[in-house]
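Hi everyone, thanks for coming. Let me put the structure up on the screen, and then I'll walk you through a few spots in it.

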Amino acid sequence: MAEEKKRILTGIRPTGPLHLGHYVGALENWVRLQEQYECFFLIADYQALGDHLDEIDRIRSSVLEVTLDWLAVGLDPAKAVFEVQSYVPQHAELHMLLSMVLPLSWLQRNPTLKAEMDRLEEENQTLTLGFFNYPASQVADILLPKAHLVPVGVDQLPHIEMTREVVRRFNRLFEQDVFPEPDALIGRVPRLVGTDGQAKMSKSLNNCIYLGDDEAAVTEKVRRMYTDPTRLRATDPGHVEGNPVFMYHDAFNPNLDEVNDLKERYVLGKVGDVEVKTKLAAALNTFLAAIREKRAYYEARPNLVREALIAGTTHARTVAQATMAEVRDAMRINYLG
Ligand code: TRP
């Protein structure tokens with residue numbers, strides 16, 4: 001008998017198109033993982049509402065946009081489950097029940113949540129109960145398919161740790177091993193710097209190269225990229241370490257000889273930024289060409305995109321229903337049989 005595959009759940013908030021940071025931090029890993037595991041890829045639209053209630057149109061278009069990006073990089077609805085959070089009502093049900101189990105202090109001490117709440121306050125945004133509660137909703141995301149592994153970015157580690165604590169508490173309180181304790185899985189480049197050299201590529205910082213950007217856009221973004229601020233002329237010795245242009249070369253240029261040659265000449269002051277950037281733009285455009293081609297294919301066939309979400313979500317609902325039956329039994333909320 002074939003051994004049962006371990007389960008993975010991971011998700012993305014549909015708040016805009018995906019960029020190179022998503023690729024090296026998550027997507028390329030997911031593409032590999034879908035071959036080995038039973039993968040659930042979640043579009044977390046409820047979670048996006050937490051701080052985008054005034055941008056529901058953006059969430060709407062991003063659900064399809066993100067799915068297009070997934071298909072373009074090679075995630076395959078025949079191998080993995082694509083699901084939309086708000087179309088699986090058990091997410092809301094389990095989230096509510098878990099909020100009875102989860103001590104408020106666990107959310108209050110969560111460092112990622114704290115930092116995000118500070119940001120909302122700085123931006124004068126209303127902090128809603130829904131936002132404060134989102135790490136608990138994420139616990140429900142992970143536990144519904146009883147995931148063993150959760151591929152995430154480093155900023156999400158406190159949420160995974162909290163998930164493990166909730167699992168231990170739930171299983172102990174109800175004296176059954178309903179849920180496994182999931183492990184986190186970090187990507188190849190845990191956090192890709194932005195084109196402006198800021199620590200993170202992020203839509204709100206306007207420093208992204210998107211998977212859907214065309215050749216001209218990529219070339220222009222690379223041309224304007226931040227490099228070594230201490231270097232004024234091409235003949236000045238430059239710094240490779242911490243230089244975003246070289247970080248991108250390392251992440252995306254498969255031609256190691258070219259990259260090493262550029263680095264050697266850069267520290268000696270024997271190559272200008274223009275050459276380093278021209279070669280980077282070429283490497284990125286080569287890398288993105290295959291993704292663009294697949295994206296165009298699915299863009300022309302929107303029904304395939306919708307069908308991938310509908311089929312995956314239908315399957316996810318069946319799985320979620322089975323888990324909820326177990327949860328209700330464990331909690332003895334099954335009075336009517
Ligand atoms: N919060 C995650 C992010 O910022 C997205 C997400 C939602 C998620 N639900 C999840 C990640 C469940 C892992 C597991 O991208």
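**A short tour**

Let's start with Arg332, which counts as exposed at 59% relative accessibility; here, exposed means over 50% relative accessible area, buried means under 20%, and partly exposed is in between, with a 1.4 Å probe and protein chains only. Before I go on, a word on the source: this is a predicted model, where local features need pLDDT of at least 70 and side-chain atom pairs count only at pLDDT 80 or more, while totals for chains, interfaces and linings use all residues. Residues are numbered from 1 along each chain as its sequence is written, and side-chain values use heavy atoms, with hydrogens and water left out.

Back to Arg332, then. You'll find Arg332 in the segment after H14; helices are DSSP runs of H or I with at least four residues, strands are runs of E with at least two, and both are numbered from the N terminus. The phi of Arg332 is near 60 degrees, a positive value in a residue other than glycine. Asn206 also has a positive phi, of about 60 degrees, and is not a glycine. Asn206 sits in the loop between strand S5 (183-186) and helix H10 (215-223), and counts as exposed at 72% relative accessibility. As a reminder, most residues other than glycine have a negative phi.

Now for the inside. Which residues touch the most other members of the largest nonpolar core? In this core of 57 residues, they are Leu20, Tyr23, Leu27, Trp70, Phe82, Leu211 and Phe252. By nonpolar core I mean a set of buried Ala, Val, Leu, Ile, Met, Phe, Trp, Tyr and Cys residues joined through side-chain atoms within 4.5 Å. Helix H13 (residues 273-299) gives the largest share of this core, eight residues. There is also a second, separate core of 40 residues, which includes Trp106, Ala136, Ala140 and Val150.

Let's zoom in on Phe252. Leaving aside neighbours within four places in sequence, Phe252 is in contact (heavy atoms within 4.5 Å) with Leu20, Tyr23, Val24, Leu192, Ala283, Leu284 and Phe287.

Next, a helix pair. The axes of H3 (residues 56-73) and H14 (residues 302-331) come within 10 Å and cross at roughly 95 degrees. The axes are lines fitted to C-alpha atoms over the stretch in contact, with angles from 0 to 180 degrees between N-to-C directions. H3 and H14 are therefore roughly perpendicular to each other, a label that covers 65 to 115 degrees. On the H3 side the contact is made by Val63, Leu64, Thr67, Leu68 and Leu71, and on the H14 side by Val305, Arg306 and Leu309. Further along H14 lies Ala325, which is partly exposed, with a relative accessible area of 43%.

With neighbours within four places in sequence set aside, Asn133 is in contact with His95 and Leu107.

Last, the cysteines. How many disulfides are there? The count comes to zero, where a disulfide is a pair of cysteine sulfur atoms within 2.5 Å. Cys39 is buried, with a relative accessible area of 1%, and Cys208 is buried as well, at 5%.

Note on methods: Angles under 35 degrees count as roughly parallel, over 145 as roughly antiparallel, 65 to 115 as roughly perpendicular and the rest as oblique.
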